[in-house]
Amino acid sequence: MHENSKQEDSFSYTYSAKQQQEILEIRKKYLPAEEDKMARIRKLDASVTRKGTLVSVSMGIVGCLLLGAGMSCSMVFTGAWFLPGIVLGLIGIVTMAVAYPVFTHIMRKERARIAQQILELTDELLK
């Protein structure tokens with residue numbers, strides 16, 4: 001008789017699915033951050049283009065500035081600055097033209113560098 005009275009006196013409450021989801025979301029905020037494999041793959045893939053983009057955009061900007069300076073020298077400061085202005089403008093054009101091939105070269109190099117990591121992670125996820 002004593003055992004039955006303990007079961008009758010106890011109180012049990014289960015949370016609804018919505019409340020459990022909210023509890024899990026709050027709990028997740030306080031757990032140490034774990035990077036899942038899919039997020040790691042995305043991060044690695046984005047890192048491939050980051051370096052190439054930075055270098056090629058910088059080259060394009062420098063080339064554009066050199067072209068503008070060369071145009072200014074040859075059109076505004078005529079005379080002694082005409083020929084150096086043409087040379088400076090041509091250097092700017094070449095710098096801008098080389099920016100995209102430099103981008104593709106850096107991308108190929110970066111892809112080769114992280115290919116093994118990407119392949120290992122994708123193999124783990126596909127299993």
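This briefing describes the salt bridges of the structure and the confidence of the model. The model is predicted, and the chain has a mean pLDDT of 86. A search of the whole structure finds three salt bridges.

**Confidence**
- A pLDDT of 70 or more is reached by 87% of the residues of the chain.
- Among the elements of the chain, the highest mean pLDDT, 92, belongs to helix 4 (residues 82-126), and the lowest, 58, to helix 1 (residues 2-9).

- Lys37 and Glu124 form a salt bridge in which the closest N and O atoms are 2.5 Å apart.
- This pair links distant parts of the chain, since Lys37 belongs to helix 3 (residues 37-75) and Glu124 to helix 4, 87 residues apart.
- Lys37 is partly exposed, at 39% relative accessible area, and Glu124 is also partly exposed, at 40%.

- Glu110 forms a salt bridge with Lys51, with the closest N and O atoms 3.7 Å apart.
- Because Glu110 lies in helix 4 and Lys51 in helix 3, the pair ties together parts that are 59 residues apart in sequence.
- Arg113 also forms a salt bridge with Glu110, and here the closest N and O atoms are 2.8 Å apart.
- Both Arg113 and Glu110 lie in helix 4, three residues apart, or about one turn of the helix.
- Through shared partners, the salt bridges join Lys51, Glu110 and Arg113 into one network.

Notes: Residues numbered from 1 in each chain as written. Predicted model: local features only at pLDDT ≥ 70, side-chain atom pairs only at ≥ 80, totals over all residues. Heavy atoms only, no water. pLDDT = per-residue confidence, 0-100. Helix = DSSP H or I, 4+ residues; strand = E, 2+ residues; numbered from the N terminus. Salt bridge = Lys/Arg side-chain N within 4 Å of Asp/Glu carboxyl O. Buried < 20%, exposed > 50% of the residue type's maximum accessible area, 1.4 Å probe, protein only.
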